Amino acid sequence: AQFHWERRIKVVVDAGNAQVHVFSPSGGLQTTVPSSDRMGKPTDVGVDDYGRIWVVDGAKKRVIELQD
């Protein structure tokens, strides 16, 4: 399964703690995704037109889609 979020969510990279935080449109924290074997050190993030969250992994030099 994949994360499919509303278009108005806010996604923040916490590079210092190697995490991605997802906030609701009202500003409440919905989830935090920590680094893992799949995602080393997130450095940037984006959400596409379909609501998929894409993360730039600076440690592994690639872009990955967040999935649950």
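Hi everyone, let's start with an open sheet of three strands, paired antiparallel in the order E4-E5-E6. Strands E4 (42-47) and E6 (62-65) stand at its edges with a single partner strand each, so one side of each has no neighbour in the sheet. On average, neighbouring strands here are turned by 25° against each other, direction ignored.

Before I go on, this is a predicted model, where local features need pLDDT of at least 70, side-chain atom pairs count only at pLDDT 80 or more, and totals for chains, interfaces and linings use all residues. Residues are numbered from 1 along each chain as its sequence is written, and side-chain values use heavy atoms, with hydrogens and water left out.

Strands (E, at least two residues) and helices (H or I, at least four) are DSSP runs numbered from the N terminus. Two strands pair if DSSP finds at least two bridges between them. For the angles, axes are lines fitted to C-alpha atoms, for helices over the stretch in contact, and angles run from 0 to 180 degrees between N-to-C directions. In general, strands of a sheet pair through backbone hydrogen bonds, either parallel or antiparallel.

Back to our sheet: E4 and strand E5 (residues 53-57) run antiparallel and are joined by five bridges. Which residue in E5 is the bridge partner of Pro 42? That is Asp 57, and we will meet Asp 57 again in a moment.

Now for the other sheet, also open, with three strands in the order E1-E2-E3 and antiparallel pairing. Its edge strands, E1 (10-14) and E3 (29-34), each pair on one side only. Strand E2 (residues 19-23) pairs with E3 over five bridges, in the antiparallel sense, and Val 22 has Thr 31 as its bridge partner in E3.

In the loop between E2 and E3 sits Ser 24. Is Ser 24 buried or exposed? It is buried, at 12% relative accessible area; buried means under 20%, exposed over 50%, and partly exposed in between (1.4 Å probe, protein chains only).

Finally, look at Arg 38, in the loop between E3 and E4. Its relative accessibility is 39%, so Arg 38 counts as partly exposed. Leaving aside residues up to four places away in sequence, Arg 38 touches Asp 57, Lys 60, Arg 62, Ile 64, Glu 65 and Gln 67, where contact means heavy atoms within 4.5 Å. Arg 38 and Asp 57 are 19 residues apart in sequence, and their C-alpha atoms are 9.2 Å apart in space.
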